[in-house]
Amino acid sequence: MVGWTGFILRVDLSSKTFKKEAFSEEFARKWVGGRGFAVKILYDELKPGIDPLGPENKFVVALGPIAGIPAPNTGKAVVAAKSPLTGFYGDGNLGTKVSDQLRKAGYDAMIVEGRADRPTILYIEDDKVEFLPAGELWGRGTYAANDWIYRKWGKGVGVLNIGQGGENLNRYAVVRSLEGRAGGRPGIGAVMGSKLLKAVVVKGTRPIPQADPALMKTLGQGDLRKVGEIDKQSGWSIQSTTGVLPFCNEVAGLPVRNFRKTHHPDAWKVDGERLNAARIATYGCPTCTMRCGITIHDHEGRESELDYENIALLGPNLEIFDLPQVGSLNYLCDDYGLDTMSMGCTLSFYADAIDHGATAGDFKFGDAERAKELIRLAAHREGSLGNLLAEGSRRMARRFGRDSEAYAMQVKGLEVAAYNCKFIPGQALAFGVAAIGAHHREAWIITFEIKHTTRESYGPEKAAKVIELQRIRGGLFEFIVACRFPWIENGWPLDNYPKYFNAVTGLSWSLDDMWTVADRIYSLIKLHFVREFPQTDRTADYPPAVWFDPSNADTEGPIAGKILELDKYDGLLQHYYDRRGYDRRGIPTRATLAKLGLQEEAAAAAKFASLT
Ligand code: PTT
Ligand code: SF4
């Protein structure tokens, strides 16, 4: 086996021991890496029903065969665990030097088990693993923790760390890395916190194994240059992801006021042009020539890195149209290590619930100062309100009752990304069937749907497009482990990725081989969900009910009087199931599982739920 290091590092925090475990060539070929490795490991090793915040959960960091090798945007890593927010497999993908450092240390993945007896920093250097006291770092924010780590070990090390959000088991706490990177939306930072693991620091000194290093060097370095040149011509990095904001506003797809409204005349105040004009610095992940991290001075004068999702969900969604104030909310989320997207949706849900009499409270849309205080409470689980906010919108709605779950903007417990699907059926489906809950990573169909098809259609072409995008976005880029932006934003051809994969592994895979792995991963994540929720049915794949409520339709603008229709959405969902080979409950059939080589996994699931 070439192209993989062939080893996983298994660390037990309870006993302070570690093992270097070899994995088989069959495992490597079947699951490739990243999300593939993570879901297979967690499916096999976690007993169904365990507490995600208990010592039985495992924190996995997984890399792919091209992770860390100089080639377009390979400086990424997948972090995964059973999610405290959703109750089944959850993961995220973040830019970090861990991508190359862990591989140079000799591992393609790391599994962290148990629970430390005191706050700990895990230090890995090649074959050495140390369990160091986190002492003075516990209780401090991610920026201070990162700086402390850089001072101690230098800037070359790979770092994953958490802030007060993860320490206090906020259910949507993220893992942070570098100056502005964050990943693991479904509470993977809280899983680190539950293990008293403040940070992982990695240093590796060996070469990453490659079948044809000379070919990979020519391909990788040449293509890095080309991607950088394309980016300069396209100008994408000028506004980066925030370039999409005026489009969403124009087509009535922006989340405003907890997604009640779809556009706003003041949206321009927080758009990509304003962001670029306020730019003070630019950051990027390792091996990237597109560098999309734009920072501005926030309201308090601190440096804050903003993307579209962060701006839309902490800005217009809360009816805040002051960019420095949005920067402040974002800064706090980054420093405390909270997911900006779930925090934004949780705050907007809280304001909406107060408006609708589901609870009493003093938070109003547009109140940036109170929002800052609420973020602090949520990060520290301070008081009953902090404890409530730290649970995320679905648990809050279940506590409030009064039909408030209809407007808790989440699917399977994960808050939705910043695309208001009141009348965008394909994107609503993409959220409904996203593997880990409503994440736009899986399929981002909105521009295709609005620019290239009929927006009104609930036809099979949209289900087919969602699957095509899931295979690329939620599949290929997550198991090969590279950033998808060169492809999605600058049209870098997909067939480059099998070329890189083949150069490092010596195999001759095509994109079709990649799609098989992607489908296998999707089916296994679904089995993970089914094992945890055996009574599940197709309603688990429905988006928030408010998008089907005629009384919630816009009264003016491009989609006035229009709203999603439930029976038609259900038909679109069926097109998706038919194409995927899932039954009417949305569970892969035995035949589908057999085709993907998942007979053993099916047998494990069949002990808990009936398979057809
Ligand atoms: C991702 C999610 C996103 S997706 C955003 S903005 W985006 C939010 N960013 C947050 C943040 O910042 N701080 C914070 N405290 N919470 C945040 N939560 C949100 O997290 C990210 C980029 C982006 S910016 C996107 S789309 C792409 N995502 C990729 C992906 O998922 N896979 C992949 N192979 N390539 C990707 N490239 C792009 O990476 P999660 P990052 Mg993030 C500050 O991980 O859990 O998936 O959540 O990783 O290194 O910050 O890069 O408009
Ligand atoms: Fe990171 Fe942005 Fe580069 Fe992707 S394009 S690797 S998210 S800096």
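Student: Which of the 30 residues around ligand 1 come nearest?
Tutor: Gly-95, Ala-182, Asp-334, Asp-339 and Glu-478. Keep in mind that this is a predicted model.

Student: Which protein atom is the donor for the magnesium atom of ligand 1?
Tutor: The O of Ala-182, at 2.4 Å, and it is the single donor from the protein. Ala-182 itself sits in strand β11, residues 181-183.

Student: What polar side-chain atoms lie by the oxygen or nitrogen atoms of ligand 1?
Tutor: Lys-76 has a polar side-chain atom 2.9 Å from an oxygen atom of the ligand. For Asn-310, a side-chain N or O atom is 3.3 Å from an oxygen atom of ligand 1. Asp-339 places a polar side-chain atom 2.6 Å from a nitrogen atom of ligand 1.

Student: Which element gives the most to that shell around ligand 1?
Tutor: β5 does, with four residues. Elements that each supply at least two include β11, α11, α12, α13 and α19.

Student: And how does the shell around ligand 1 split by class?
Tutor: There are nine nonpolar, 11 polar and 10 charged residues.

Student: OK, ligand 2. What surrounds it?
Tutor: Among its neighbours are Cys-285, Cys-288, Cys-292 and Cys-483. Asn-73, Lys-76 and Arg-181 are also in the list. By class, the shell around ligand 2 has six nonpolar, two polar and three charged residues.

Student: Changing topic: how far does helix α14 reach?
Tutor: α14 covers residues 368-380, and from its first C-alpha to its last is 19 Å, close to the 18 Å expected.

Student: Which of its residues are buried in α14?
Tutor: Ala-368, Ala-371, Lys-372, Leu-374, Ile-375, Leu-377, Ala-378 and Ala-379.

Student: What do those buried residues of α14 pack against?
Tutor: They pack against α5, α12, α13 and α15. α12 and α13 also supply residues to the shell around ligand 1.

Student: What comes just after α14?
Tutor: Arg-381, which takes a positive phi of about 50°.

Student: Last one. Where is Arg-538 found?
Tutor: In the loop between α22 and α23.

Student: Is Arg-538 buried or exposed, and why?
Tutor: Arg-538 counts as buried because its relative accessible area is 10%, and the cut-off for buried is under 20%.

Student: So what does the side chain of Arg-538 make a polar contact with?
Tutor: The side chain of Asp-570, at 3.0 Å. The Arg-538 side chain also reaches the backbone oxygen of Arg-584 at 2.9 Å. Leaving out residues up to four places away in sequence, Arg-538 touches a set that includes Leu-573, Gln-574, Tyr-577 and Arg-585.

Technical notes:
Residues numbered from 1 in each chain as written. Chains lettered and ligands numbered in written order. Predicted model: local features only at pLDDT ≥ 70, side-chain atom pairs only at ≥ 80, totals over all residues. Heavy atoms only, no water. Donors = N, O, S within 2.8 Å, 3.2 Å for Na, K, Ca; no water. Near = heavy atom within 4 Å. Polar contact = N/O pair within 3.5 Å; in protein donor to acceptor, adjacent residues only side chain to side chain. Nonpolar A, V, L, I, M, F, W, Y, C, P; charged D, E, K, R; others polar. Expected span 1.5 Å × (residues − 1). Buried < 20%, exposed > 50% of the residue type's maximum accessible area, 1.4 Å probe, protein only. Contact = heavy atoms within 4.5 Å.
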